[in-house]
Amino acid sequence: MAFPESFLQDLKMRNDITDVVSGYVNLKRQGRNMVGLCPFHGEKTPSFNVYSESGSFYCFGCGVGGDVVSFIMRIENLDYVDAIKYLAQRAGLDMPENNYDDSMGRLRNRVLEANREAAKFYYNTLCSPQGGKGLDYFHSRALSDRTIRHFGLGYADDNWSSLCTHLKSKGFKDSELVAANLAVNRKNGGGIYDRFTDRVMFPIINPRGNVIAFGGRIMSDAKPKYLNTSDTPVFKKSANLFSLNNAKNSGKRTLILCEGYMDVIAVNQAGFTNAVATLGTALTGEQAVLMKRYADEVIICYDADEAGQKATARAIPILRNSGLNVKVLTIPSGKDPDEFIKSKGNDGPAAFKVLLDKCGNDVEYRLQKLKNAHNIQLTEGKVAFLEDAAKLIATIGSPIERDVYSSKVASELGVDKNAFKQQVTRASRRGERAEEKKQARQIQLELSRRNDKINPEHFQKPRSSSAEEALLVYLLNNPDAYEVISARVKPEQFQNSLIRRFFEYFGSRIEKGKDPLTNVAADFTQDEVSKLYQLMSQSISGVSTEEAMNEYINVINEESSKLNSGDLAEVSNEELMAYLDKIRKKKQ
């Protein structure tokens, strides 16, 4: 059963959406709305809007929208019931009696409990005779027992049922262990087996202190070398970071972004507790946005090999687009952070601090890479470098920063400063024109709705879908008009199945005297909720008049009376002749 309507309305009233969102986003007033940089994707120009009057939000950049419950579900990665509990606790509200469906919440809790028990089991195995291989490996990597204990490192032995047997003895069901991705179903249907075997284990802990996943490194030559937990009810690989639970307590607004688990642990052991790493994938926009919540600056500390350099080049714009200042640490002799610190012995921490202190920002790093790629002793190499440098500097948003780097490059290469600045200006204009064309193509694509995966029928039937969507928005803005609307148009006349579902759902709630939008976060998927709030956010005042409503109804009635090719194959000759006669009369 759902939560009582009165409870949900009180919950939303006590959790003003502007106040809630302000805890995560720096909002500024723009007319009647509040705007800020979207917390769900990286952007330089604010496109995230909060509508205080309607208690909703919508991002025109990534298309995410909803109410305060939807916002908490996304930002805290919670299911519906847990988001309600979170907001109730925030507002000091008692939860109603347990007459609601909390099956997903219970599963999430069981997955977290199973992960916690698994972490203990792996650690105890590491410290037992069966874990000798794993403990020797960690010691060979110069990790102290204190560091091993601090990170909760462990070992999964080579028995394919050790963890499953242990957790089932603790009362966990097969389905719960599979949901946690700690176990895998046998293909022949004969039970489950451990997902991780013969691997040293790295627990992944979220900022709240919950074990949400694991990474495991194989102790043999088998593949894959690293195996990570797949996405589960409590874990999304692209939206989490290893050791963020430690880094957030470092007292610094700077994060050191490493390439892997061992680099983070080595850097941490050396005294730099603000290190994090991605989880077996390339850096994502979601991870960059997450970092922005805890830091103003990120120092990229990837391996010095070719793969690490490519990853650095890819990460820089992702981090910059999230509003983060970016620096790049270059490790000499092609070493990774772990190797570098160990190679310096007791002086490792001090030597690493020197590298941190002298590392340049991302622009300086990229200019140096360009310089290394050209022979500036030759005229053609010098010209090629200056052209590439101008293109790079042209991408810098700050005019002051552009001027500083333009002057610096011109001085270093011995060319006229004004001439080089003109080159930067031309490159900037070309970039702006290219960006304008790109945005125009994107707007055209969005208007056509060709790639709308949530509402694909709009592109197939644009006229009827547009009228149905507009009528739906009118109804939500004017619930009192439902009786008039329902007398003139029926849900079965809607040709867009998503909008028909919305219309039926909201009509049913209005008939029962309920607020139409109170429970959408529970009754539709997050993508469907975002689509609904997109329609509401993009509507304009002129479409919410009674005259406009009548026009929408006329279009729906007209479009629904048309026969499509499938219908024509089914109708009788008499019905077809009657339909053609109707069309002729309309044209007269």
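Are phenylalanine 48 and phenylalanine 71 buried or exposed? In this predicted model, phenylalanine 48 is buried, and phenylalanine 71 is too. The two residues also turn up in the story of the aromatic rings, told below.

A search through the whole structure turns up 26 aromatic pairs. One of them brings together phenylalanine 40 and phenylalanine 71: the ring centres sit 5.7 Å apart and the planes meet at 70 degrees, so this pair is edge-to-face, given that anything over 60 degrees gets that label. The partners come from distant parts of the chain, 31 residues apart. Phenylalanine 40 belongs to the loop between strand 2 (33-36) and strand 3 (48-51), while phenylalanine 71 belongs to helix 3 (residues 68-75).

Phenylalanine 71 has another ring partner, phenylalanine 48. Here the centres are 6.3 Å apart, with 55 degrees between the planes, and the pair is tilted.

Elsewhere, ring pairs join up into a cluster made of Tyr137, Phe138, Phe151, Phe202, Tyr226, Phe242 and Tyr261. A ring can also have a charged neighbour: arginine 195 lies over the face of phenylalanine 196, 5.6 Å from the ring centre.

Conventions: Residues numbered from 1 in each chain as written. Predicted model: local features only at pLDDT ≥ 70, side-chain atom pairs only at ≥ 80, totals over all residues. Heavy atoms only, no water. Phe/Tyr/Trp six-rings, centres within 6.5 Å; stacked < 30°, edge-to-face > 60°. Helix = DSSP H or I, 4+ residues; strand = E, 2+ residues; numbered from the N terminus. Buried < 20%, exposed > 50% of the residue type's maximum accessible area, 1.4 Å probe, protein only. Lys NZ or Arg CZ within 6 Å of the ring centre and 35° of its normal.
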